[in-house]
Amino acid sequence: MINSQHHSQARAYWTVGHEKGELRSEDLPAPGPGEALVRALYSGISKGTETVVHCGNVPPRVAEQMRAPLQEGSFPSPVKYGYLSVGTVEAGPEEWVGRTVFCLHPHQDRYIVPVESLTVVPDNVPARRAVLTGTVETAVNALWEAGPRLGDRVAVVGAGLVGGMVATLLRTFPLQRLQLIDIDPAKRAFADTLGVDFAHPDDALADCDIVIHCSASQEGLERSLQLVGDEGDVIEMSWYADKQVTIPLGEDFHARRLSIRASQVGVVARSRRHRRTNADRLALAVSLLSDPVYDTFITGSSPFAELPAVVHKLADGNLDALCHVIEYPDTEYPAEDKR
């Protein structure tokens with residue numbers, strides 16, 4: 001065990017009420033056997049999920065199932081939530097010290113976790129880009145669920161962070177056709193940067209073998225059912241939280257024997273579950289980030305001290321972002337919290 005520095009306190013972001021968050025100080029013990037002290041460099045805000053948490057919209061029925069891996073507290077609040085953290089190991093087992101790692105940890109400047117919770121960031125992946133590891137992992141799991149095949153016609157509905165990630169992975173597959181679909185015409189430039197064909201929902205091509213739905217909207221799911229071919233699959237990646245969704249099951253869904261299958265990253269997709277672990281999936285995800293195209297998904301940054309205000313701006317729509325990065329200074333924070 002090597003301890004390069006001892007830090008008795010850390011600061012973390014907590015959701016403390018409806019649409020209210022703050023930075024809180026907490027005691028930080030020395031790492032025990034098999035544990036590492038990580039100093040955060042960057043963390044990413046997963047806008048859709050973290051907005052749900054910020055607004056207190058996690059349904060009580062699934063509150064336990066929707067916990068983040070290293071979350072503290074319980075929904076709706078107070079809760080320490082988040083899962084896109086990249087940092088440097090400052091203390092712990094000798095072979096880990098000095099390594100840059102990804103961790104499914106909430107927004108916090110320093111934290112102690114079992115080394116089994118860490119994924120080494122390869123040398124050819126910049127630490128800032130590595131915050132996207134958790135989102136790439138989500139996209140990988142969806143493709144394991146969907147199982148695209150040679151010559152398939154595939155549509156991705158919703159050109160946000162998750163939809164864009166899925167389309168980015170699919171662009172390397174030997175498909176007959178791939179379209180990224182969104183109601184916002186400004187997303188065409190985003191799709192062009194990714195190297196993927198773009199279409200408005202009204203102009204999208206039908207008879208798809210697979211449609212992957214990521215728009216978190218009733219209209220998007222309806223259009224997905226129209227675009228998929230007979231007896232085809234719609235892979236549903238959206239989390240609607242407590243929002244009620246109505247779809248016309250008496251139309252395409254029933255008449256054309258369609259299927260809607262959920263993809264949720266909490267467990268490895270069934271098709272790979274017996275041969276891949278969560279750690280395997282994370283290692284694959286971070287390795288894919290060697291491609292500079294993923295920098296397209298990082299659309300802004302702010303210092304850690306501004307995190308409560310940033311989350312609020314994302315939730316109320318005053319800040320538009322795919323993945324907004326939080327930067328952590330290598331200094332101690334003042335004793336008082338910034339609310």
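## Salt bridges, cavities and backbone of a predicted model

R281 is buried, with a relative accessible area of 0%. Buried here means under 20% relative accessible area; exposed means over 50%, and partly exposed lies in between, with a 1.4 Å probe and protein chains only. E137 is also buried, at a relative accessible area of 5%. The model is a predicted one, in which local features need pLDDT of at least 70 and side-chain atom pairs count only at pLDDT 80 or more, while totals for chains, interfaces and linings use all residues. Residues are numbered from 1 along each chain as its sequence is written, and side-chain values use heavy atoms, without hydrogens or water.

**Salt bridges**

R281 and E137 form a salt bridge through their side chains, with an N to O distance of 2.9 Å. R281 belongs to helix α7 (residues 278-288) and E137 to helix α2 (residues 133-146), so this bridge ties together parts that are 144 residues apart in sequence. A salt bridge requires a side-chain nitrogen of Lys or Arg within 4 Å of a carboxyl oxygen of Asp or Glu. Helices (H or I, at least four residues) and strands (E, at least two) are DSSP runs numbered from the N terminus. Side chains of opposite charge can pair when their charged atoms come close.

The structure holds 17 salt bridges. Another of them joins the side chains of D320 and K47, at 3.7 Å from N to O. This pair links distant parts of the chain, 273 residues apart: D320 sits in the loop between α8 (307-316) and β18 (323-327), and K47 in helix α1 (residues 47-54). D320 counts as exposed, whereas K47 is partly exposed.

D207 and R153 also form a salt bridge, their closest N and O atoms lying 3.2 Å apart. D207 is in the loop between β13 (197-199) and β14 (208-213) and R153 is in strand β11 (residues 153-157), so the bridge connects parts 54 residues apart in sequence.

R39, E90, R110 and D330 are linked in a network of salt bridges. Within it, R110 lies in strand β9 (residues 110-114) and is buried. The side chain of R110 makes polar contacts with the side chain of E90 at 3.4 Å and with the side chain of D330 at 3.5 Å. A polar contact is a pair of N or O atoms within 3.5 Å; within protein, one must be able to donate a hydrogen and the other to accept it, and residues adjacent in sequence count only if both atoms are side-chain atoms.

Relative accessible areas of further residues named in this report are tabulated here.

| Residue | Relative accessible area | Class |
|---|---|---|
| D320 | 67% | exposed |
| D207 | 43% | partly exposed |
| E19 | 37% | partly exposed |
| A216 | 27% | partly exposed |
| K47 | 26% | partly exposed |
| R110 | 4% | buried |

**Cavities**

A search of the whole structure finds two cavities of 30 Å³ or more. A cavity is a set of points on a 1 Å grid over the protein atoms alone where a 1.4 Å probe fits but cannot get out, and lining residues have an atom within 4 Å of a point. Points are joined across faces, edges and corners, and the volume is the space filled by probe spheres set on them.

The largest cavity holds about 60 Å³ of space. Its lining is made up of Y13, W14, T15, E50, V53, H54, V79, Y81 and V311. Both β2 (9-17) and α1 supply at least two residues of this lining. By class, the lining of the largest cavity has six nonpolar residues, two polar and one charged. Ala, Val, Leu, Ile, Met, Phe, Trp, Tyr, Cys and Pro count as nonpolar, Asp, Glu, Lys and Arg as charged, and the others, Gly among them, as polar.

The second largest cavity has a volume of about 40 Å³. E222, L225, Q226, P248, E251, D252 and F253 form its lining, to which α5 (218-227) and α6 (249-255) each give at least two residues. Three of the lining residues of this second cavity are nonpolar, one is polar and three are charged.

**Backbone**

Most residues other than glycine have a negative phi, and most peptide bonds are trans. A cis peptide bond joins F75 and P76, with omega about 5°, and another joins S77 and P78, with omega about -5°. P76 is placed in the loop between β5 (72-73) and β6 (79-80), and P78 is in the loop between β5 and β6.

E19 is not a glycine, yet has a positive phi of about 55°; E19 lies in the loop between β2 and β3 (20-27). A216, another residue other than glycine, has a positive phi near 55° and is found in the loop between β14 and α5.

Definitions and conventions. On a 1 Å grid over the protein atoms alone, a cavity is a set of points where a 1.4 Å probe fits but cannot get out, and a pocket is an open set with protein on both sides within 12 Å along at least five of seven lines; lining residues have an atom within 4 Å of a point.
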